[in-house]
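Me: Give me a close look at one residue and its surroundings. Start with the chain around it, and state your cut-offs.

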Amino acid sequence: MDNKELLNNRIWRTKGSRFNAYRRLAKKNSTLTFVTSCSSIHLLAISIIQLTNLVTISTNQSQWLSFISIIISIIILAYGLYENGKEHGLKSERHHSCGIELDGCYSKLQFIPNTETDKISAIANEYNQITAKYLLNHETIDDIYFQLQNPDDFPNIAKISKFKRLRIELNYKHYDTIIGFIFVIVPVLISLVIMFYRA
C-alpha cells in the first residue's frame with residue numbers, strides 16, 4: 001500500500017472506532033440514568049408500602065425491607081459516584097466530535113491524488129492534531145466491533161467463529177444493559193420475597 005492508502009485506512013478505522021465509542025458510551029450513560037431512576041422508584045415504593053396498608057407485612061418483614069432500602073441506597077450512591085466519575089456523557093460527546101472532524105479529514109483525503117505527497121502529509125498532520133486534541137481514546141471493543149462491521153476489509157475477523165462473533169456483539173451492544181438490568185431486578189426480587197414469603 002502507498003502512503004495515501006495507509007493514511008486513508010488509518011483515518012477510516014479511527015473515525016469508525018470513535019463513532020462506535022460514542023454510541024457505546026451514550027448507551028452506558030442512558031443505562032446509568034435508567035438504573036438510578038428505577039432504584040429510586042423502588043425505594044419510594046418500599047417506603048409507601050411500609051407507611052400504608054397496601055400490603056400486609058409483619059414487623060420482621062418491615063425491618064428487613066428497611067435493611068434492603070439502606071443497602072440499595074448505598075449501592076445506588078456507590079454505583080452512581082463510580083460511573084458518573086467516568087463522565088460517560090462527556091466522553092461520548094467528545095468521541096462524536098472527534099469522529100466528525102476525522103470524517104472531514106477523511107473526505108478531504110479522497111480528493112487528493114497519490115502524487116501530491118505534500119497535501120497527503122498535511123492531512124496526516126491534521127489527523128495527528130485531531131487525535132491529540134481530544135486526549136482520549138476508544139476502547140479495544142470499539143475497534144473490534146468496527147472490524148466486525150466491515151469483515152471484507154479484515155480477513156482475520158471474518159474467519160472467527162459464530163460464538164466469538166456473538167460474544168463481541170454481546171459485549172459491545174448489551175453488556176452494560178445486562179449489568180443495569182441486574183442492578184434493577186435483583187433488589188426488586190429480594191423485596192418481593194421479603195414481602196410475600198411466609199415462614
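Reply: Of the chain's 199 residues, 35% count as buried (under 20% relative accessible area; exposed is over 50%, partly exposed is in between; 1.4 Å probe, protein chains only). This is a predicted model, in which local features need pLDDT of at least 70 and side-chain atom pairs count only at pLDDT 80 or more, while totals for chains, interfaces and linings use all residues. Residues are numbered from 1 along each chain as its sequence is written, and side-chain values use heavy atoms, with hydrogens and water left out.

Now the fold. The chain has seven helices and zero strands (DSSP runs numbered from the N terminus: helices are H or I, at least four residues; strands are E, at least two). The radius of gyration is 24 Å, well over the 16 Å from the globule rule for 199 residues, so the chain is more spread out than a compact globule. That radius is taken over C-alpha atoms; the rule is 2.2 Å times the number of residues to the power 0.38. Along its principal axes, the C-alpha trace spans about 85 × 35 × 20 Å.

Next, the residue itself. Phe183 sits in helix H7, residues 162–196. Its relative accessible area is 28%, so Phe183 is partly exposed. Beyond neighbours within four places in sequence, Phe183 touches Val35, Ser39, Ile75 and Tyr79. Thr14 lies 169 residues from Phe183 along the chain, and their C-alpha atoms are 33 Å apart.

Note on methods:
Contact means heavy atoms within 4.5 Å.
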